[in-house]
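Dear colleague,

I am handing over the structure we spoke about, and I would be glad if you could look through it before reading my notes below.

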Amino acid sequence: MRKILIYISIFASFLIVEACEDFLTIEPLDKTSADVLFSNVAGVKTVLANIYQKMPIEDFTWTGGTGFNQHPGGAFGGWHKAGMTDEAVLEPNTGRQPGVFPGNYWDYEAIRQVNQFLETILTLKDEGKMTEALYTQLYGEGHFILAYMYFKLASRYGGVPIIDEVQKLSESGDNSALFVPRSTEKETWDFVLSECDLAAANLPTSVTTSDGIYRATKWAALALKSRAALHAASIAKYWTNAALTGDAVNAKLVGGMTATDASNYYLQCINASKDIIDNSGKTLYKPNPASKTEAAKNYQDMFETPSMAWDEVIFMKTYIDGSVTGQQGHDIDFWLYPQQCKFQNLYMAARFGASLNIVDLFEDYTDDGNGLSVPVKTRTDGVEDEYEDDPKNLTSLTQPFIYYDNQYDIFKDKDVRLQASVVLPGSTFHGTEINMQGGLVQMDGTPVIYSVSTAVGPDGNTYYTYGSANEAGYSAFGLLGTAAANYSSTGFALRKTLQDTKNVSTPALGGSTQPYIEFRLAEVLLNYAEAAIESGQGDAGLAKTYLNAIRKRAAHTDEIPATLENILKERRVEFVFEGTRFWDLYRRREFHTVFNASKRYSLVPIIDLRVNPPKYIFLRVTNYYDQAAGGRTFLTRTYYGEIPGVATNNLIQNPGY
Amino acid sequence: MVGFSDIFAMPDNPGLPAASNSELQQLINVSGKITDATTGLVLPGVNIVVEGTTKGAISDINGTYTLDGIDRNDSLTFSFIGYVKQTIQIAGRTVIDVALVPETTGLEEVVVIGYGTQRKETLTGSVAAIKSADIVATKSTTVASAIQGKVVGVQIRQQTGEPGVFNSRISIRGFGEPLLVIDGVVRDGMSDFERLNPEDIENISVLKDAAASIYGMNAANGVIIVTTKKGLAGKTEFTISNIYTAKTPTVMEHQSLADAYTLKYMNNEMSRNSNLSLPISESELEKWRIGTEPGYTDYDWFNNMMRKWITSNELNFSARGGNDVITFFSSFGFMDDHGYFKINELEKYKKYTFRTNVDVNLAKGLTAKVSFYGRYEDQTQPPMGVFWIFKRICMNDRGYGAYTLANNGHLSRVPCENTNPIAELSRDISGYNQTLGFQYQSTIDVNYEAPFLKGLSMGVLAAYDGMLTDNRLLNTPFQLYDYITDQPVGTPGKATFQNTITHMIRKNIQPKISYKTRIGQAHNISATLVNDIRKVDYNNLLGKRQYDDLYTTDIINQGSLTNASTTGYRTEQSYVSFLGRFNYDYKSKYLLEFSFREDGSYRYSPGRRWVFFPAVSAGWRIGQEAFIKNNLPIVSDLKLRGSWGQSGYDAGNAFEYVEGYEFTSVSGGYVFSDGVLTLGMVPPGVVNDYLSWVHTTTTDFGFDLELWMGKFGFTADYFERLEEGLLATRVATVPNTFGASFPQENLNSQKTKGFELSASHRNTIGKLTYGVNANMTLSRLFLLHQEQSPLRSTWAKWTSGQSPWVPSVGDRITGRAWGYKRDGICTSVTQVETAPLMGGTLGNSLTLPGMDIIVDVNGDGVINSSDQMPFMWAGSGFFGDALNPPLQFGLNMNASYMNFDFTIGLAGASMYTMNKSRYDQWGYGTRYPMFWDKYLDRWHTQNPDDNPFDPATVWIPGEWEALTANANNQTTNLTTDKWRMNATFLRAKNVELGYTVPNNVTRVIGLTGVRAFVNCFNLFTLCNKNLKDVDPERGEGAYATSNSYPLMRTFNFGLEVKF
């Protein structure tokens, strides 16, 4: 007995000695190896999810100030890039204003992770642990994401360090090799375009529901190429409109591209666009509406429920409900519903007012064959370029106003995309008739604008400045300049992308899930048209066809010529509030000319008690916030952002910083 | 070092039964002579006691004694300090001569060391031991306070008197938190040590130098080894002790917070002093002064909310006994503690402990020890945390009552914290935070003494421990009302319930073999080899739900799924060690020890996993040499010791070497298919293959000296500890395009140096036996290498480029605070005009008489940060380091006379400061509207209405400067030694008086021992008078220092019964 015990303990001792290295080698429970992850589809998706999520898509969860993927509330519904242009005003006066850089993006950590992804799949393929087919698709996706990231870098900073491998720390401690200098702007754009080519050559032409339809296809890569090439071409062509000087310019880290480069980039845009148009099978969503009403509905549907519009959509990002799963969803409905429809008792609404500038830009259907914009008609004398700076102090209104029976009639002949994109005064949103009234003219002719007041009308009824006795009854011009201003300051609110017709009783923080469309065919068509007309390459006839196809979808029956002006105006109208305007102003170097000392305008519906029965007149005014700011300016240096961390990364700083 | 066990041990009573047959009783006279067994010299002063009686005698100058009229069947006990006690049956003899054998006093003690025991005389390391009797000599509910100040080199500092909070800072020689070993197994940390039942402990050994190296891993800060009580063969002895405790805070200045009127008066004065308009009109002020009109009454938040006295109760029951085959010790402890708040629903602590140790002789040479320990704790705290509530009670505006003026059912919302502590302390209103802790430790230790080779033994120790904590946090929002208008203020949110469960399991197995022999007569050799394998698993689960509508019950599934969340983690740890120790001594005079340990940790990459920690130590018992013995007979022992050893700890994140993908948060997911979120897996950052152990090297030189057979003892040690490979992130310039951050590496190094001294004296004079022990430890930290950006100027080098709170780098000493020197005070406004400028753009325009004049060190006429000097000791608290003060000392005295015993233990510390951050002192920084009465002794104008800036105004001087609303422009805002005060203190940590009922009395009622005692912890404190209100031992707390939960002055009344 004793001896047995001894032997057992000695033997056990030795056994343990042998096994101790194994004993110490334990697998961490919170880490998973690449082998395991990539061995099945679900694992691959988790890795992809990380890098897709890191794509700097300027969607509903983005804001220039706080960055990408803000959940919940952090992005206030995206702080629409529109609010950083002449398209809209972000309210109250805390929004991101025009004339500022769109916010840093310097996520080399994400780029490192994409490079790690590409290296890992290569290793697994070489080791025979991954099929060629899967490898090809993942390879394409990795390069698509890399291209997208560098596109965002190039459009913000010009030339940047191009790092397309996983950098390793040196064992010797000499890390000088890690310091990659900036490439020239041209090299950077070329890199973006070549990455798009790599992606397009390897990505599938379609993805299945089981793969997940919100993944990149060949057409997404080409759409990105179309956009990036047009961007690069525009800079090459228009750099001189706002030329900068300094070390970065001398080294061609910004600018430095030639007319030949421009021509080349336009051609790449043309070719990529044409490939999509001809081969992707994508069409415009419901290209031949039977009526204006139908056209309006189709156009609104496309943004309210993008999943219906896969015909046209090439790539989009979607969401799950953040009010159920925290840190998800987006808030666009929560923040941007008109005051009359807001989520009662919580926070604010109507943080977005579409400007009169953009409203005026829409055509009506009367201008056969020329496509001219028609400002809304407020006066009988046809003068539509006078604006009151400070309507609150007006003592009389003597202009020859047109009298309207209601708030809506003034817009009724406009391009249907206006009513589908903007909540117009007197229109119905979410079952509620939206009242945007901002003033009244008393029977004695004294106007009261922008302040709570009542007056008795000639019919003996009591009239209110804001058209309603209580705050829940109106949506514009209340409490201007205060943080509590849950009202539009322009007289217009946002409709595009909002859940209007759906039965949403209470938009919650993070509770919106409508997808964000990143690429759709309409853009590709207009990219082609612009590149063809700008460069004289491609087919000008096709440019005209594409331009008018888009107008036709909006119930226009005439054809207009494919002039540059028409194409650019069509971009502003078709893509209003989609963020396109912001980057168009950037790439075409128009921000400083459009915005220097510029103002955005509002349209104030006013009930005039001098007539019986009282009718509406419409006053053109300078937007309250631009009036307060004395107009907006844009510094030309802002076309390139300040390179972060030059003190340690030794990069040459951009001009003006 | 030197135990007082002999002094305080209860008389051991193998005793004879009282003679039952009175016929046998014959009274006789006994006399005799007492000599030293080795020298033959007579011994005067020997104590002779007739067993079981109070009758006794003392030998005279010739060593003779006489006892008259004692029973012939009685026994006599002969005891003398430094000699082995003898008990002799009289058996009818009338002359009994006795030769007492000298004991080399404490040196014969066996001391528990790492993986074994050793005779104290042959120790070569610096090991302190404290025995049961000394631990429980001062009865306390926590072990930490029971041994505070008693063990040289062990620094203990209590931080709070909060029930159920065990966060005393325990450090050996200032190294940091030591390793805790209970019954041979590495258990949990110091908070666990504090929770032990003091009654269970047989002895505690503290390994302070290279002796700790045998524990290698994580023993770099030293080791505390606790051995619990074992059974004793013989009649089963039962002990019951009950301690009733009454506590009161050591600091009570809170009671002297200014009332509402005084505060408002001072607010006006402060505004006047700062050129501001008066916040309150004279007529309003008058209403406050009268203080009867509703809305103008004073509400003493502190005294309405806080108790003066708190009581708690502790009960211990133990049984100890056994026979030749099996012995056991079994105990049960119960403790019930309460908090300091009058609403006593949410500050409670209960602890139950249970321990059974059984020793079994399985067969000849084969023994097994089986022990089991269980603990159950139940702690309730307010969901908000005691700290914040205490702060509120101190700062609440006394112009606000607890309930609104109109409705005494409506709790008011009280500035400045804008809540109401009554709500936060009421379980029904605000919820609760309850933590249940279940801990068990089981150990089996089998040893086999080989019969075929004497001295060879083998064995296996196995331990299985577990701990389960169950935290329940219920937050129920509540409605408060405006004090004046009675209108509801704010909207309460939704109730939430959160349940967190953590389970820890630790397994340990230690096969071991040892051999011990003597070659010839002089060479003693022993060797021990152990293989120590440990595995620790943690599993954690947290669930949280909210109650959308109505709070129902505190069960997780009663909440709604909206915003429900769950999280959790699981970790596994594995450790393997091989260790050995070889001892050699020659005639117990020349001592040599070598030990090694090869440690492996799961944490690092295979190439960096293992580390080898050697240690050597040597001792020379020079006192045993003839040239000392013959020439210096007063020296009974003298030993020189030296040791050098290495150990370390496995720092840093585990698995940094593993290239693996990790899940990110939910926000890192992406939606590939409608309605389906795919969580993202993030690829590895920079893989760190190089992370490894932190190495420490400890060196110690010391000596132990005993004079006059142990009447006096001295011990001194010099020590150094070098730590290399402390973690830091390399200050390397990688560009921000690298895309990953640098991992931590083993870069920094630091050294701790110091010495410790201990002196003791013990003696018996007549029936008085007493002992004194004084000890001190000085320990300083030096930073050798700190990874940081290069310093670019001489000024930056001088200040180390750091704020004053951060220790200096280089070979300079640490623990200095930077501040401004004072040069008297301004006595008049005109004097201010010529003083150096300190108010920034305002110059000295707001400086007033009574304010400090700051020394313009660089003479540029302006006082700014360049005029700071490191002339003060740094603090040790909220802002500063978490270490103990560098200098700590203790003084322990004990005495017994007849059946009374008395103990006093003083403990203190020095070389640090406490900052009464004036930013938080209202009137000098204006942060919180609370004003202590003591600041009434301030500089102020003779007439309150006078313009303070008029040179003609007459000022009344005071101890404190004039109140000011904007301290930014005043000298008052600077750190000076007026506000950062020297915190040296000496505290009567414990005082105890006990009475043991004489045996002959207890025997009559069938008991074997009864002792009653009363003791007091923190009875009084000597320190800077301005620190008495904040308690220098506790250290700086956040917010005005005084707003942290106080330590307690504890009075214990106890009774211990053995039978």
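A residue is called buried here when its relative accessible area is under 20%, exposed when that value is over 50%, and partly exposed in between, with a 1.4 Å probe and protein chains only. By that definition, 56% of the 1059 residues of chain B count as buried.

Please keep in mind that this is a predicted model, in which local features need pLDDT of at least 70 and side-chain atom pairs count only at pLDDT 80 or more, while totals for chains, interfaces and linings use all residues. Residues are numbered from 1 along each chain as its sequence is written, chains are lettered from A and ligands numbered from 1 in the order in which they are written, and side-chain values use heavy atoms, leaving out hydrogens and water.

Chain B holds 14 helices and 53 strands, taken as DSSP runs (H or I of at least four residues for helices, E of at least two for strands) and numbered from the N terminus. Its C-alpha trace spans about 100 × 75 × 70 Å along the principal axes. Among the contacts in chain B (heavy atoms within 4.5 Å) between residues at least 6 apart in sequence, 70% join residues at least 24 apart.

Turning to the interface, 68 residues of chain A are in contact with 69 residues of chain B. The two chains bury about 5600 Å² between them, 65% of it from carbon and sulfur atoms; buried area is the accessible area (1.4 Å probe) that two parts lose on being put together, summed over both. A:Leu24, A:Ile26 and A:Lys31 supply 12% of the area that chain A buries against chain B, more than any other three residues.
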